[in-house]
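User: I am new to this structure and would like to go through it by question and answer. Please keep the answers plain.

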Amino acid sequence: LTQTPTEVIEAVTAVGMGTLLFIAGADLWLTWKGKAPLGYWISDWARRWPAFALSLVAVTGALVGHFFWAT
Amino acid sequence: VALTTAPRPSRTEVTPRSAGGGWSRWVSIVLLAIAFLVIAGVMVEGLQYTAAHPGQPPCGARPVPAPRGTNDQLLVVGICVLTFVLGHLTARWQAGPPQPGRKPELDVDRMRTRGRQGMFVQLAVTIFLAEMATLLAIEIITLSTNHWPITWYVRCAYDAAGWQTSLGGAAITFLSGRWFWLRGPGRVS
C-alpha cells in the first residue's frame, strides 16, 4: 500500500476533528446556557426513530473500534 | 390559598431542582471543555506535523506499527471505556432523575424555543452523520485503491505520540458516551 496524499490526510484531520469540535462546542454552549444537553435531544430522536438510532450507534461504535483498537 | 404567578421553568431548561444541583452542570462544563481542548490540541498538532513533514509519517516506513503490547493496549481501551461511562454519567446527572407522570405543558413560546433548539440539534446530528459517512467512504476508497487507510494513520500517531493519541481517543469516547448512551424513560427536565 502507498501513502495517502498529504492533502487528503489534512482534509480528513481538519474535517473529521473540526466536526467533532463543532458539535462538542454546541453541547458545551447548551450546557453553559442551562439548556437541555445534546444527549437529551438525541435520546428523543432515538425513541422516535429507533431503527435509525440503532444504525447510527452501530456504525459509530464500529468506526471507533476500527480506528482505535489495533489487533 | 395564595396563587403565585412566578414563571415556571422551561421544559428545555435544566433547573437546579430538576438537574440535581448546580454541581452536575459544572462537572459537565469542565469535562466538556477539557474534551474540547484535547481534541483541538490533537487536531492542531496533527495538522502542524503533516504540513511540516509531507509524505513522512512519524512512524517511518513501517506501514502498520506493531502494537506495543496487549497489556498497554488494553489499558488504553479500558481508559476509553471508563471515559465513555463518565460521559454518560455527566449527561445523566445533568438531566436529573426521571420524573414519570409529569406532562409537558402547552406553551407556544416554549414550543417555539424548543423548535429552534430542535432544529439546531437536528443540524448537528445531520453533520455528524455526514462525517461518519465521509470517513467510511474514505476508508473504503483508500483500501480499494491500495492507499494507507485512516486506521493506519491512527496507529502511526499512537506509535509516535502515545499519550496524546490516547487522550484524543478518551475525549472522543467521552463525547460518545455523553451523546449516545440513552437517558432513562419519562424524563422531563
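## A loop residue, then the rest

Analyst: In this predicted model, B:Pro57 is buried, its relative accessible area being 12%.

User: Which residues does B:Pro57 touch, not counting residues up to four places away in sequence?
Analyst: Contact here means heavy atoms within 4.5 Å. With residues up to four places away in sequence not counted, B:Pro57 touches one residue of chain A, A:Gln3, and in chain B it touches B:Tyr49, B:Trp148 and B:Cys156.

User: How far apart in space are B:Pro57 and B:Ala160, C-alpha to C-alpha?
Analyst: Along the sequence, B:Pro57 and B:Ala160 are 103 residues apart. In space, the distance from C-alpha to C-alpha is 9.1 Å.

User: What share of the contacts in chain B with a separation of 6 or more comes from residues 24 or more positions apart?
Analyst: Chain B has 6 helices and 0 strands, and its elements run α-α-α-α-α-α from the N terminus on. Of its 189 residues, 41% count as buried. Among contacts in chain B with a separation of 6 or more, the share from residues 24 or more positions apart is 86%.

User: Is B:Thr151 buried or exposed?
Analyst: B:Thr151 lies in helix α5 (residues 150-160) of chain B. Its relative accessibility is 2%, and the cut-off for buried is under 20%, so B:Thr151 counts as buried.

User: Which side chain does B:Thr151 join in a polar contact of 2.4 Å?
Analyst: Leaving aside neighbours within four places in sequence, B:Thr151 is in contact with A:His66, A:Phe67 and B:Glu139. The polar contact of 2.4 Å joins the side chain of B:Thr151 to that of B:Glu139.

User: What is the area buried between chain A and chain B?
Analyst: The size of an interface is often given as the accessible area lost when the parts come together. Here 52 residues of chain A are in contact with 65 residues of chain B. Carbon and sulfur atoms give 73% of the area buried between the two chains, which is about 6,200 Å².

User: Which element gives the most to the side of chain A that touches chain B?
Analyst: Across the interface of chain A and chain B there are 9 residue pairs in polar contact. On the side of chain A that touches chain B, the elements giving two or more residues are α1 (6-32), α2 (38-48) and α3 (50-68) of chain A. The residues of that side divide into 31 nonpolar, 16 polar and 5 charged. With 22 residues, the element that gives the most is α1(A).

User: How many of the 19 residues of α6(B) are buried?
Analyst: From its first C-alpha to its last, α6(B) reaches 26 Å, close to the 27 Å expected at 1.5 Å a residue. The helix is largely enclosed by the rest of the structure, because the number of its 19 residues that are buried is 16.

User: What separation do the C-alpha atoms of A:Lys35 and A:Val59 have?
Analyst: A:Lys35 is in the loop between α1 and α2 of chain A, and A:Lys35 is buried at a relative accessible area of 19%. A:Lys35 and A:Val59 are 24 residues apart along the chain, and their C-alpha atoms are separated by 28 Å.

Note on methods. Residues are numbered from 1 along each chain as its sequence is written. Chains are lettered from A and ligands numbered from 1 in the order in which they are written. This is a predicted model: local features need pLDDT of at least 70, side-chain atom pairs count only at pLDDT 80 or more; totals for chains, interfaces and linings use all residues. Side-chain values use heavy atoms; hydrogens and water are left out. Helices (H or I, at least four residues) and strands (E, at least two) are DSSP runs, numbered from the N terminus. Buried means under 20% relative accessible area, exposed over 50%, partly exposed in between (1.4 Å probe, protein chains only). A polar contact is a pair of N or O atoms within 3.5 Å; within protein, one must be able to donate a hydrogen and the other to accept it, and residues adjacent in sequence count only if both atoms are side-chain atoms. Buried area is the accessible area (1.4 Å probe) that two parts lose on being put together, summed over both. Ala, Val, Leu, Ile, Met, Phe, Trp, Tyr, Cys and Pro count as nonpolar, Asp, Glu, Lys and Arg as charged, and the others, Gly among them, as polar. The expected span of a helix is 1.5 Å times one less than its number of residues.
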